[in-house]
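Please open the model in your viewer and keep the sequence alongside. The tour goes from one selection to the next and says what is found at each stop.

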Amino acid sequence: MSPEDHARKLEVSARLGRGWKPYSNVIIMRSYIDAMVAPNGWDEFHDVPTDKLTYVEYGNVGPGSNTYGRVKWPDVKAFHNLTELALFLLARHYWIPLPWYPY
């Protein structure tokens with residue numbers, strides 16, 4: 001971000017992403033998320049059901065990385081443990097049987 005834009009970043013709002021198609025998957029991990037990212041994080045897209053999206057955050061830092069105000073869609077997840085993240089991602093691939101994972 002340029003020095004000129006840095007002073008204006010609180011005037012701007014951004015989102016982490018939005019699902020353009022059902023069954024889209026996004027993982028944002030180990031990234032710096034600036035304050036310009038809105039607390040809800042994710043945005044809806046016209047005619048895309050939010051129960052068919054998977055948005056995951058893990059290990060991010062910065063003033064916009066607080067996941068407390070994120071949208072409450074079924075598969076919007078914030079992980080703080082790498083093992084839990086790995087188990088979640090493996091369980092998403094239904095062709096890999098993990099009968100002991102609590103979906």
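The stops below start with the whole chain and then go to single elements and residues.

This is a predicted model, in which local features need pLDDT of at least 70 and side-chain atom pairs count only at pLDDT 80 or more, while totals for chains, interfaces and linings use all residues. Residues are numbered from 1 along each chain as its sequence is written, and side-chain values use heavy atoms, with hydrogens and water left out.

**The whole chain**

Select the protein chain and colour by secondary structure: there are 2 helices and 5 strands. Along the sequence they follow the pattern α-β-β-β-β-β-α. Helices (H or I, at least four residues) and strands (E, at least two) are DSSP runs, numbered from the N terminus. The chain has 103 residues, of which 33% count as buried. Buried means under 20% relative accessible area, exposed over 50%, and partly exposed in between (1.4 Å probe, protein chains only). Accessible areas come from the Shrake-Rupley method with a 1.4 Å probe, and for residues only the protein chains shown count as cover. Among contacts (heavy atoms within 4.5 Å) between residues at least 6 apart in sequence, 65% join residues at least 24 apart.

**Helix α2**

Select residues 82-92, which make up α2, and show Leu-85, Phe-88 and Ala-91, its buried residues. They lie on the same side of α2, because they cover an arc of only 135° around the axis. The arc is that of the directions from the helix axis to the C-beta atoms. An α-helix has 3.6 residues a turn, so residues three or four places apart point the same way. Which strands cover these buried residues of α2? The cover includes β2, β4 (54-58) and β5 (76-79).

**Asn-81, at the start of α2**

Asn-81 is in the loop between β5 and α2. Asn-81 caps the N-terminal end of this helix, with a side-chain oxygen 2.7 Å from the backbone nitrogen of Thr-83. With a relative accessible area of 34%, Asn-81 is partly exposed.

**Ala-78, in β5**

Go to Ala-78 in strand β5. Ala-78 counts as partly exposed, at 34% relative accessibility. Leaving aside neighbours within four places in sequence, Ala-78 is in contact with Glu-57 and Thr-67. Show Asn-66 too: from Ala-78 to Asn-66 is 12 residues in sequence and 9.5 Å in space, C-alpha to C-alpha.

**A nonpolar patch**

Select Ile-27, Met-29 and Leu-82, which form a nonpolar patch on the surface with about 250 Å² of accessible area together. Met-29 is in strand β2 (residues 25-29) and, at 36% relative accessibility, counts as partly exposed. Patches are made of residues with over 30% relative accessible area and no salt bridge; like charges are joined within 9 Å, and nonpolar side chains (Val, Leu, Ile, Met, Phe, Trp, Tyr) within 5 Å. A salt bridge is a side-chain nitrogen of Lys or Arg within 4 Å of a carboxyl oxygen of Asp or Glu.

**Two loop residues**

Most residues other than glycine have a negative phi. Tyr-23 is not a glycine, yet has a positive phi of about 70°. Last, select Asp-47, in the loop between β3 (42-43) and β4. Asp-47 has a positive phi of about 65° and counts as exposed at 65% relative accessibility.

Definitions and conventions
Polar contact = N/O pair within 3.5 Å; in protein donor to acceptor, adjacent residues only side chain to side chain.
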